[in-house]
Amino acid sequence: IADFLSKIRFIPQDNIQTSICHKSKKTENTIIDSSQQKIGSWYSINGTVHQTSSAKQVVIDLLNYLYGIDNSLFEKCLKHEYNYGRNRQYIALKKSDLYKDRPDLSDYCEKLSGNFFLLTNFSNQIKEKILSMAFEIVGIKKGKEIDYML
């Protein structure tokens, strides 16, 4: 029970900022008014909560933020065991390294800071793994200065 309760997060309504969210590559950025939207995916940095359009956007935003703290983050990710699944690499220098066995999926990626690429055809479990890796490398613990909900 204690483990379950520790995972529940309270987000004060007055802490939620209106932020720009990326819906997809085909649509323009839209502003989300938190008073009209149900809270889904979000992240907070030093107490400021940012609502996003997807769990994928949480990962992208947080990775880019962490890169700003340590601009060798993605290079370190390339050497980290959590950056590799059975068949795929999650963060890479080249798009072609992300889906080596599935070139038809090469468009399922996002460009990160520092000219790195993030694979985006993955589950929330993999998203957690990627963020865990990045937090470990930068030396930040989830829930203190940075928190999120996918």
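**Close-up 1. Lysine 127 and the residues around it.** Once its neighbours within four places in sequence are set aside, lysine 127 is in contact with Ala55, Lys56, Val59, Phe122 and Leu150. Keep in mind that this is a predicted model. Lysine 127 itself sits in helix α4, which covers residues 124-138.

**Close-up 2. A three-stranded open sheet.** The strands line up in the order β6-β8-β7, with antiparallel pairing. β6 (91-92) and β7 (109-112) stand at the edges with a single partner strand each, so one side of each has no neighbour in the sheet. Zoom in on β6 and strand β8 (residues 116-119), and you'll find them paired in the antiparallel sense over two bridges. Isoleucine 91, for its part, has leucine 118 in β8 as its bridge partner.

Close-up 3. Helix α2 (residues 55-69) lies across β6, β7 and β8, and runs at about 20° to β7. Look for the salt bridge between the side chains of glutamate 110 and lysine 56, at 3.8 Å from N to O. Glutamate 110 lies in strand β7 and lysine 56 in helix α2, so this pair ties together parts that are 54 residues apart in sequence. Both ends are partly exposed: glutamate 110 has a relative accessible area of 22%, and lysine 56 comes in at 29%. Lysine 56 also turns up among the contacts of lysine 127.

**Close-up 4. Aspartate 70 with lysine 76.** The count for the model comes to four salt bridges, and here's another of them: aspartate 70 with lysine 76, whose closest N and O atoms are 3.0 Å apart. Aspartate 70 counts as buried, at 15% relative accessibility. Lysine 76, on the other hand, is partly exposed, with a relative accessible area of 38%.

Close-up 5. Aspartate 107 and lysine 95 bring their side chains together in a salt bridge, 3.8 Å from N to O. Each residue lies in the loop between β6 and β7, so the pair ties together parts that are 12 residues apart in sequence. Aspartate 107 is exposed, with a relative accessible area of 54%, while lysine 95 is partly exposed at 35%.

How values were computed: Residues are numbered from 1 along each chain as its sequence is written. This is a predicted model: local features need pLDDT of at least 70, side-chain atom pairs count only at pLDDT 80 or more; totals for chains, interfaces and linings use all residues. Side-chain values use heavy atoms; hydrogens and water are left out. Helices (H or I, at least four residues) and strands (E, at least two) are DSSP runs, numbered from the N terminus. Contact means heavy atoms within 4.5 Å. Two strands pair if DSSP finds at least two bridges between them. Axes are lines fitted to C-alpha atoms, for helices over the stretch in contact, and angles run from 0 to 180 degrees between N-to-C directions. Buried means under 20% relative accessible area, exposed over 50%, partly exposed in between (1.4 Å probe, protein chains only).
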